[in-house]
Amino acid sequence: MEEKNNKINKEIKELVIVRLESMPDTIKISFGSGEELTKKQLIEHVKEEDIFGKLIINMQVKYLESLKNL
Amino acid sequence: MPEKFLITRPTHDDRVSYLDYWSKDIIEFAENHNIKYSELKGKRANKKEVTEFLEKQKPKLVIFNGHGEEDTIFGHKDEPLIISEENDDLLKDKVVYALACNCASKLGVSAVSNGCDAFLGYEQKFSFVRDSSRECNPSKDKFAQPFKEFSNEVSISLLKGKTAKEAKESSQNKATKLLKFYSNSDALPEYRHIRFWLFWDKYFQKLIGNEDAKFL
């Protein structure tokens with residue numbers, strides 16, 4: 001079961017990275033008081049699975065689930 | 001005496017300059033409806049002036065624009081204006097909308113426990129998408145527009161006399177409409193990312209305190 005969950009998590013993580021990779025260079029993300037987040041920085045957070053990276057993954061999952069109710 | 005509101009408008013970096021630009025619509029609404037207000041703009045968005053105004057003028061509604069942390073709302077050049085358990089009693093009996101990161105998670109809770117009537121804000125970072133080619137010109141940044149509409153819906157709903165709960169619902173409904181609008185077309189690759197970050201702000205927008213609190 002653990003192996004299955006890990007696989008799912010890995011797939012979700014890869015999905016999130018693919019979605020972030022589609023971010024065009026024409027935009028940047030203003031995010032709080034820090035500098036703007038670039039596509040590269042967002043992807044790094046997700047790859048490293050730091051606190052912010054995990055939050056992005058969780059929110060991407062919630063976002064995709066929410067589309068059912070739009 | 002008619003109720004008045006206070007709005008802080010720091011402008012010291014490009015991110016808060018966007019929030020300052022967005023505030024123009026709130027001011028315009030107030031002026032068109034003869035609602036009294038005071039604004040502390042630029043370097044006047046400092047702790048001394050904010051404190052004096054809150055103590056002497058006792059506005060029923062306060063709209064903060066600026067950076068934030070869990071326990072702090074900042075003003076000009078990131079001077080702390082309101083700090084959890086330090087001076088959040090300045091918000092006693094007030095309705096507050098803080099367009100500032102994170103501060104609903106701790107400051108909002110402590111402010112309400114110290115007498116703030118209702119606190120609307122964000123328990124995570126407030127995000128918005130910007131057009132890379134419009135760095136110094138928020139008025140021409142079409143990608144930031146939905147975030148302005150979502151946030152301003154809170155303030156303008158409160159100015160219309162809606163309760164804190166209704167103002168939040170109105171903003172949430174605005175977000176849903178915008179999400180649908182930007183979902184209807186993938187004409188621009190940017191839309192997918194506008195949708196996600198708008199969803200982020202919608203998800204983390206919180207109301208703490210008296211849901212029936214009103215400005216008017």
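Mentor: Let's take the contact between the chains, then a sheet and its helices. This is a predicted model, where local features need pLDDT of at least 70, side-chain atom pairs count only at pLDDT 80 or more, and totals for chains, interfaces and linings use all residues. Residues are numbered from 1 along each chain as its sequence is written, with chains lettered from A and ligands numbered from 1 in the order in which they are written.

Trainee: How many residues does the contact take from chain A and chain B?

Mentor: 18 from chain A and 27 from chain B, counting two residues as in contact if their C-beta atoms, placed from the backbone, lie within 7 Å. On the chain A side, strand E1 (27–31) and helix H3 (51–66) each supply at least two residues. Those are DSSP runs numbered from the N terminus: helices are H or I with at least four residues, strands E with at least two.

Trainee: Switching topic, what's the strand order in the open sheet of chain B?

Mentor: E2-E1-E3-E7-E8-E10, 6 strands with mixed pairing. E2 (36–41) and E10 (205–209) each have a single partner strand, so one side of each lacks a neighbour in the sheet.

Trainee: And which residue stands opposite B:Phe119?

Mentor: B:Ile208, in E10(B). Strand E8 (residues 118–122) of chain B pairs with E10(B) in the antiparallel sense over 5 bridges.

Conventions. Two strands pair if DSSP finds at least two bridges between them.
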